[in-house]
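Here are my notes on this one, point by point. Have the model open while you read.

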Amino acid sequence: MTAVDNTQNPARSDEGAIARFLRATEIDARMLGMVAALLIIWVGFDIYSGFLRDGEGLFGGSFLTPRNLWILLVQTSSIAVMTTGMVLIIVMRHIDLSVGSILGFTSVCIATMQVFWLGPMLGVGHPSIWIVTLILGLLLGGAIGAFHGTLIAYLGIPSFIVTLGGLIVWRGAAWAVIRGETVAPMDKNFKLIGGGISGITPGSIGATASWILGAVICAAIIYAIYNNRVQRKRFNFPQRPMWAEYFLAITGCILALGVTWLVNSYYWPKGVVDRYVQATGIEVPPEGINIAFGYSVPVLIAMGVGLGMSFLATRTRFGRYVYATGGNPEAAELAGVNTKKLTVMIFALMGVLAAISASISSARLDSATNALGQFDELYVIAAAVIGGTSLAGGLGTIYGAMLGALVMQSLQSGMTLLNFESATKDIVVGCVLVFAVFVDQVYRRRVK
Amino acid sequence: MNAKKASSAKVHENRGTPLVEMKDISIAFGGIKAVDHASIDLYPGEVVGLLGHNGAGKSTLIKILSGAYKRDHGEIFIEGKPVAINNPRDAKAQGIETIYQTLALADNVDAAANLYLGRELRTKFGTLDDVAMEAECRKVMGRLNPNFRRFKEPVKALSGGQRQSVAIARAIHFNARILIMDEPTAALGPQETAQVGELIKQLKAEGIGIFLISHDLHDVFDLADRLTVMKNGRVVGTAHTSDVDHDEVLGMIIAGKCPPNAIPGPGALRSAA
Ligand SMILES: Nc1ncnc2c1ncn2[C@@H]1O[C@H](COP(=O)(O)OP(=O)(O)O)[C@@H](O)[C@H]1O
Ligand SMILES: [Mg+2]
């Protein structure tokens with residue numbers, strides 16, 4: 001065998017320290033840029049809000065507080081869940097404008113089933129209500145998505161048109177189900193999906209379980225890095241340098257433990273603690289008791305969905321076909337991929353994800369209205385695009401889109417904190433979207 | 001003259017059942033008859049060159065065999081048995097592999113993903129076995145293009161020749177019985193072209209039947225046992241390469257004139273017959 005250059009991406013003599021670092025760690029520069037943007041937004045809001053009124057935040061404001069960040073994560077989860085599906089849809093060169101309306105429709109259906117059907121039938125609060133309605137809701141979302149996908153794949157109607165129709169139809173259908181009324185309250189178990197406190201039961205897992213989860217995530221990161229190394233060694237492939245492996249492992253663990261620490265630093269409000277003490281009759285030490293929220297259920301759902309969708313996108317045949325089809329639909333078809341079936345599947349998946357978000361949103365509000373999820377499609381698409389998904393297809397990552405959702409939500413929450421009018425918020429968010437895509441394109445052109 | 005024609009037709013018949021026989025194939029796009037009652041055949045271990053101007057219908061004809069297009073009319077026989085080829089999966093199931101003129105690569109994924117597109121290797125858990133695919137890919141590409149090293153990059157970043165190697169690798173890696181090569185050397189330099197020539201000889205020796213579409217008459221005369229010329233969607237004629245010369249073949253391509261040593265098809269000029 002001839003001499004083989006044993007590096008993954010051969011070093012170039014003209015590259016600087018940053019380029020060398022990125023190459024060795026295989027970190028995507030876009031991703032780094034997005035993290036930097038996020039930090040700037042966070043710090044900026046904290047400093048700015050500090051001028052208005054002193055707060056507990058890291059820089060004297062009220063943005064970088066455990067409470068605000070905990071709520072920020074909860075608020076992000078609904079959009080974050082849906083954007084994972086939107087990435088795959090856009091990668092396949094389609095679009096789904098109907099997700100907000102599917103969310104609205106499935107949530108009123110779930111609420112109606114709970115309040116008017118299963119509640120009266122089984123007794124309010126019956127332990128099977130939440131799971132039955134959740135499953136039926138997911139099936140409904142999946143069926144709607146599959147129906148859209150069928151029209152797109154087999155009748156050849158452009159996805160833009162089908163889902164634009166869906167946007168209007170399902171919003172109207174949501175109205176028709178509840179005639180414009182608000183359906184409340186949701187089932188008490190179901191409510192936990194939203195992350196709020198239902199009576200004295202929190203929609204979050206508390207400090208101990210959160211630390212355990214944090215530790216498990218650390219172990220998983222280390223195992224993944226180790227396993228990758230073993231696998232590549234097995235075939236004698238080039239490896240990342242050892243320092244890069246350590247860097248990735250340590251950064252990942254710090255991040256996981258940091259977020260865990262954060263969600264464990266946000267405590268139950270006094271009123272709930274009092275109620276809890278009354279109900280359980282536990283001893284209260286003189287210094288009072290602090291009960292940490294820990295990871296909330298919607299955030300756990302979003303993390304689970306993100307993990308599952310990343311797995312689907314990168315580790316399975318399904319994901320491989322989605323990307324290949326997005327890169328060159330004709331080539332995928334010629335290679336034997338059934339692109340029509342694939343199209344139906346991704347739209348069905350999108351429908352299921354919209355139904356998951358419907359559950360999170362309605363549980364969080366403890367009610368459903370036919371306006372729930374209005375304009376969500378735009379935020380979901382914006383998050384995907386800010387996260388690096390190319391509308392030309394073939395390109396996009398799940399984690400990028402979820403980070404994009406966090407960026408969008410950070411902007412919105414920050415501006416809310418600063419008492420911006422909602423009109424101003426809309427203008428800013430819209431401009432940021434366009435600007436982000438512009439920066440991305442400049443970056444891509446330069447990389448080429 | 002007639003005797004000679006009969007004798008070449010006889011050689012033809014003595015070779016038993018053809019590996020592939022496409023009979024009376026037609027397809028139209030809109031009003032254009034891209035392929036018009038074309039018949040063509042191929043024997044094991046044989047290279048048949050397919051020639052003709054741009055737009056003659058060569059790619060369309062072979063795309064019917066590879067399952068990319070559905071024919072309007074005609075029949076396909078593999079080893080004498082009629083087969084239904086309605087999509088690329090059907091064709092692959094028959095051992096038909098194709099290097100398309102457009103290469104048909106998914107530009108946004110890497111060489112290994114393209115090599116295995118549609119038949120990925122999987123781990124015992126059902127997930128993609130990327131390392132195993134990369135390992136195989138390194139082996140095949142090592143044979144075709146020893147200097148190739150960009151295994152982790154999307155194929156869009158590769159040079160024309162490298163992309164062509166990936167497309168060739170994909171066609172030969174899965175034990176094809178029938179190989180279709182649509183202008184496989186279009187993006188290659190002279191050295192790589194020679195390499196592909198060697199590869200064709202080697203595959204032929206293994207008993208694989210090859211349809212070779214090429215613009216280069218020298219290549220066809222060098223590699224093919226027989227050649228078929230198409231013009232305006234119709235077959236002008238088929239001949240053993242040893243029975244015709246360059247000028248006669250040029251006459252077939254340009255004027256549709258079928259020389260005496262060739263078997264005329266429906267596209268042959270009437271006056272020449
Ligand atoms: N998908 C298609 N749609 C419409 N017309 C086509 C299509 N494919 C090929 N054609 C037409 O069929 C004819 C034959 O094309 P082709 O088979 O590509 O020729 P060749 O490969 O011999 O250069 C041309 O007139 C071309 O324009
Ligand atoms: Mg052609």
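1. A cavity here is a set of points, on a 1 Å grid over the protein atoms alone, where a 1.4 Å probe fits but cannot get out; lining residues have an atom within 4 Å of a point. Points are joined across faces, edges and corners, and a volume is the space filled by probe spheres set on them.

2. Some housekeeping: this is a predicted model, so local features need pLDDT of at least 70 and side-chain atom pairs count only at pLDDT 80 or more, while totals for chains, interfaces and linings use all residues. Residues are numbered from 1 along each chain as its sequence is written, chains are lettered from A and ligands numbered from 1 in the order in which they are written, and side-chain values use heavy atoms, with hydrogens and water left out.

3. The largest cavity has a volume of about 110 Å³. It has 15 lining residues, and those closest to its centre are Leu334(A), Lys92(B), Glu97(B), Thr98(B) and Tyr100(B). Helix 3 (88-93), strand 6 and helix 6 (160-172) of chain B each give two or more residues to this lining. (Helices, H or I with at least four residues, and strands, E with at least two, are DSSP runs numbered from the N terminus.) By class the lining has nine nonpolar, two polar and four charged residues; nonpolar covers Ala, Val, Leu, Ile, Met, Phe, Trp, Tyr, Cys and Pro, charged covers Asp, Glu, Lys and Arg, and the others, Gly among them, are polar.

4. The second largest cavity comes in at about 50 Å³. Its lining includes Pro184(B), Thr193(B), Leu212(B) and Asp219(B). Helix 7 of chain B provides the largest share, three residues. Counted by class, the lining has five nonpolar, four polar and one charged residues.

5. Which residues of helix 7 of chain B are buried? They are Thr193(B), Val196(B), Gly197(B), Leu199(B), Ile200(B) and Leu203(B). Buried means under 20% relative accessible area, exposed over 50%, and partly exposed in between (1.4 Å probe, protein chains only). Looking down the axis of helix 7 of chain B, the buried residues fall within an arc of 160°, so they line one face; the arc is taken over the directions from the helix axis to the C-beta atoms. On the face turned away from that buried side sit the exposed residues Pro190(B), Gln191(B) and Ala205(B).

6. Now the magnesium ion (ligand 2): its protein donors are Ser59(B) (OG) and Gln101(B) (OE1), 2.0 to 2.2 Å from it. The two are 42 residues apart, with Ser59(B) in helix 2 (residues 58-65) of chain B and Gln101(B) in the loop between strand 6 (96-99) and helix 4 (111-115) of chain B. Donors are N, O and S atoms within 2.8 Å of the metal (3.2 Å for Na, K and Ca), and water is not among the atoms, so sites may look incomplete. Gln101(B) counts as partly exposed because its relative accessibility is 40%.

7. A pocket is an open set of points with protein on both sides within 12 Å along at least five of seven lines. Of its 31 lining residues, Gln75(A), Thr76(A), Arg364(A), Gln409(A) and Gln412(A) lie nearest the centre. Helix 3 of chain A gives the most, ten residues.
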